[in-house]
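Take the points in order and find each residue as you go.

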Amino acid sequence: MKTHGSAVWNGGIKDGKGAISTKSGALSAYPYGFSSRFEGKAGTNPEELIGAAHAGCFTMALSLILGEAKFTAEQMDTTAEVTLDKVDDGFAITAVHLTLKAKIPGCDQAQFEELAGKAKAGCPVSKLLNTKITLDASLVG
């Protein structure tokens, strides 16, 4: 399977503006720029998109792993917090922290942590990112 995303940029780093699009059309010329990346202004940024991709990938991987263990999640909510730090040669994504809250009938905390850990290690986006990835997983209800 192959898919793609694309970006267009016009102008300098601080005064320029960009637009990000996805093959599916989920994003179509969605704005991004310096101010949305570093100043909290409207628009998206690459780290936010990586976080959404990682949260989605991890949660799908966990759904598969749960099914193999004969569990079905009633609900799973995942947030992937992506850290962008200033380093010697510029900026780098230095960490991703996954926070998962899930309702899984019949699953105990020890089983849940083991299965969530397998999903964290095995999801394709986790494998892509060359950074420290941590996880807090809690069962609710």
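1. A term to start with: buried means under 20% relative accessible area, exposed over 50%, and partly exposed in between (1.4 Å probe, protein chains only). Now look at Lys 70, which is exposed, with a relative accessible area of 75%. Its place is in the loop between α2 and β4. Lys 70 also has a positive phi of about 70°, although it is not a glycine.

2. Some housekeeping. Residues are numbered from 1 along each chain as its sequence is written, and side-chain values use heavy atoms, with hydrogens and water left out. This is a predicted model, where local features need pLDDT of at least 70, side-chain atom pairs count only at pLDDT 80 or more, and totals for chains, interfaces and linings use all residues.

3. How confident is the predictor? pLDDT is its confidence in each residue, from 0 to 100. The mean for the chain is 94, and 100% of the residues reach 70 or more. Confidence is lowest in α1, at a mean of 91, and highest in α2, at 97.

4. On names: helices (H or I, at least four residues) and strands (E, at least two) are DSSP runs, numbered from the N terminus. Helix α2 covers residues 46–68, so 23 residues, and reaches 33 Å from its first C-alpha to its last. That is close to the 33 Å expected at 1.5 Å a residue, where the expected span is 1.5 Å times one less than the number of residues.

5. What caps the N-terminal end of α2? Asn 45 does, with a side-chain oxygen 3.1 Å from the backbone nitrogen of Glu 47. Glu 47 is itself one of the buried residues of α2, a list that also includes His 54, Phe 58, Leu 62 and Ile 65. An α-helix has 3.6 residues a turn, so residues three or four places apart point the same way.

6. Which elements cover that buried side? Among them are α1 (34–38), β4 (75–87), β5 (90–103), α3 (109–122), α4 (124–128) and β6 (132–139), with contact meaning heavy atoms within 4.5 Å.

7. Now the strands, where two of them pair if DSSP finds at least two bridges between them. β5 and β6 run parallel and are joined by eight bridges; Ala 102 has Leu 139 in β6 as its bridge partner.

8. Another open sheet of three strands has the order β1-β2-β3, with antiparallel pairing. β1 (5–10) and β3 stand at the edges with a single partner strand each, so one side of each has no neighbour in the sheet. Neighbouring strands here are turned by 30° against each other on average, direction ignored. Three bridges pair β2 with β3, and Gly 18 has Tyr 32 in β3 as its bridge partner.

9. Last stop: Ala 29, in the loop between β2 (17–22) and β3 (30–32). Its phi is near 55°, a positive value in a residue other than glycine. Is Ala 29 buried or partly exposed? Partly exposed, with a relative accessible area of 48%.

Methods. Polar contact = N/O pair within 3.5 Å; in protein donor to acceptor, adjacent residues only side chain to side chain. pLDDT = per-residue confidence, 0-100. Axes fitted to C-alpha atoms, helices over the stretch in contact; angles between N-to-C directions.
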